[in-house]
Structures are given as C-alpha cells and as structure tokens.
Amino acid sequence: MEVWATALEALTALQNMDLPAALRTSRWVYPIVNAGHILGLAMLFGAILPLDLRLLGLWSSVPIKTLSRVLLPVAIGGLTLSLITGLLLFSVSAAKYAATPLFLVKLLLVAVGVANALLLRLSADWQEAKISESPLIRKRLQRAGGLSILLWLAVILCGRFLAYI
C-alpha cells in the first residue's frame, strides 16, 4: 500500500507540472498532441501491417529485404511519435490512467509488440529470410507476423476504449 501511495503522489506531481497543466487547459495543443498520437499509430501500423502480411505469405514475389528497407524506418518513426505523444497525453491525467487496468494492459501489449519486433529483427531467421526463405523459416516468420498484427490491433483497441473511460 505504501508503494502505491508514493507512486500516486509522484503521478499527481507529474500531472500538476506546468506542461501537463498547459496541455489540459489549451484549446489547441492537446488536440494537436492527440492527433500526433493517432498519426504515429497510423505510421506504425500502416508500415507494420504490409510487412507482417508479407511474412504471412502475401506478395511472395516481393523480397522481405526490399519491403523492410522501406517500411521499418516508417514504423520506427511512428512508434517514436506515438511514444512521445503518448507520454504527453498520459501526463495530463497520470494518476487516473495508472489506476486504470485497461491502460496497464495497453502498456503491456506495447511492450510485447516491441519485444516481438526486436526479437524478430535480431533473429537468425530474419537474417536468413532476407536471403532465402526455407519452409521452416517461413513458419517462424508467419507466427511472428501473425502475433504482431494481433498485438498492434489490440493496442489500438485498448487506446480507443480508454478514450471512453
């Protein structure tokens, strides 16, 4: 209980800082930050979805290496924008969000989604797939791609549900 009280004090102090207070009271800045968050999600999912669909077997004539060279920087930019704007949005009502189980689920899903992407990109299967695709490697990539789609859709759904809490 003591830990939660200390955390609650810290979160309350965070949301009472000048920047979150300005965001809360601004007619224009909060909606712009919110739009930036949505843009970041669109960039992230818009880049990840075609790559994951390729891992699942669509567009097999297009090399994974070619798609990833174009789409990964967009996805990373989208993730970065989403994280920055998400932190700003969180800071406005930090204590409320931290006490919301759905928000904690969303954070967990984001962490698992990022971990899935990092593990995939660092795997020998990913390196091999950029050269040739054996059936065994294809199965592993299909699982990672399918999991990625499910995780990022779940993140988006959690975010939308949070808007109505």
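## Second largest pocket

The second largest pocket has a volume of about 240 Å³, a value computed, like the others here, from a predicted model. Its lining is made up of L44, I48, L72, A75, I76, L79, V114, A117, L118, R121 and W152, and α3, α4 and α6 each contribute at least two of the lining residues. Sorted by class, this lining holds 10 nonpolar residues and 1 charged residue, with no polar ones.

## Largest pocket

At least two lining residues come from each of α3, α4 (64–92), α6 and α8, with the largest share, 7 residues, supplied by α4. By class, the lining of the largest pocket consists of 18 nonpolar, 5 polar and 2 charged residues.

## Cavity

Across the whole structure, the search finds 1 cavity of 30 Å³ or more, and the largest cavity holds about 50 Å³ of space. I48, D52, G113, N116, A117, L120, R121, A144, S148 and W152 form its lining, to which α3, α6 (101–122) and α8 (135–162) each give two or more residues. The greatest contribution to the lining of the largest cavity is that of α6, with 5 residues, and the classes represented are 5 nonpolar, 3 polar and 2 charged residues.

Definitions and conventions. Residues numbered from 1 in each chain as written. Predicted model: local features only at pLDDT ≥ 70, side-chain atom pairs only at ≥ 80, totals over all residues. Heavy atoms only, no water. 1 Å grid on protein atoms, 1.4 Å probe; cavity = no way out; pocket = protein on both sides within 12 Å on 5 of 7 lines; lining within 4 Å. Points joined across faces, edges and corners; volume = space filled by probe spheres on them. Helix = DSSP H or I, 4+ residues; strand = E, 2+ residues; numbered from the N terminus. Nonpolar A, V, L, I, M, F, W, Y, C, P; charged D, E, K, R; others polar.
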